[in-house]
Amino acid sequence: MDRPPTPKYIPQKTGRDADTQINEGDLFRFDEAIEPILEVMVGKTMEQAVLEVMQEEELELLREQQLEFEQRRKEEVLETQRLESTEKRKYEEKERRKRQEAERIKREKETREKLQARQFAKAYMTNLENRVFSRLQDEGWFADRVLNEVELEFYPWLMDEVDKELDKKEKARALVDDLIRQVVRMNAARVEQSYRMQQGIQA
């Protein structure tokens, strides 16, 4: 079987019924009355929208200016760091060159002093060596074996041999002189004898 449709629910009345009396002119036309209100609301809304747009533009401009300021600040910081780094490198290079120049001057001074000391020591040692060797040689500390043999053995033997030869020559010269004197005397005697014989014959 088909079920009959459910009847519409009608709530039970509670309280008391009341009536309202509307006089002439109490009611109004909505379209006519709402137009000035809408104009004011739309104007306020447009004004608020324009203000919000202007605020957004100002905020965007401020953000751009802030970004530009931060960018410039970063660039200035980088430029400052670059200049500081450049100045630091220049200062370090200057100090390094100063140290190198000081070390070079120090090395040149040490080299010059060493050279002067070496030359002085060489000259002093040369003269000292010559003086010491001369003195030691004079005192007989560095006697030469050959020189000793010549002075102590060969020279005395040579002088003896020379003396012997001179003695021989002196004896030979004396003998020759005696022979010459004898020959001269004999010749003189012969001449005298011959002269006497000639004188005797003439007499």
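**Ground rules**

I am working with a predicted model, where local features need pLDDT of at least 70, side-chain atom pairs count only at pLDDT 80 or more, and totals for chains, interfaces and linings use all residues. Residues are numbered from 1 along each chain as its sequence is written, and side-chain values use heavy atoms, with hydrogens and water left out.

**Entry: salt bridges**

I noted the general idea to begin with: side chains of opposite charge can pair when their charged atoms come close. For counting, a salt bridge is a side-chain nitrogen of Lys or Arg within 4 Å of a carboxyl oxygen of Asp or Glu. By this rule I get eleven salt bridges.

**Entry: around arginine 96**

Helices here are DSSP runs of H or I with at least four residues, strands are runs of E with at least two, and both are numbered from the N terminus. Glutamate 93 is also partly exposed, at 28% relative accessibility. I then saw that Glu93, Arg96 and Arg97 are linked in a network of salt bridges.

**Entry: further along H1**

Next I looked at arginine 104, which forms a salt bridge with glutamate 108; their closest N and O atoms are 2.5 Å apart. These two are four residues apart in helix H1, so they too are separated by about one helical turn. I read 32% relative accessibility for arginine 104, which is partly exposed, and 39% for glutamate 108, also partly exposed.

**Entry: helix H2**

In helix H2 (residues 145-202), lysine 164 and glutamate 161 are three residues apart, which means about one helical turn between them. Their salt bridge has its closest N and O atoms 4.0 Å apart. Lysine 164 is partly exposed at 48%, and glutamate 161 is partly exposed at 26%.

**Entry: a record to compare**

An unreviewed UniProt entry lists residues 162-189 as "coiled-coil region". I kept in mind that UniProt positions follow the numbering used here, feature names are shortened, and annotations may be inferred rather than shown by experiment. Over residues 162-189 I found 100% helix and 0% strand, with the end C-alpha atoms 39 Å apart.

Terms used:
Buried means under 20% relative accessible area, exposed over 50%, partly exposed in between (1.4 Å probe, protein chains only).
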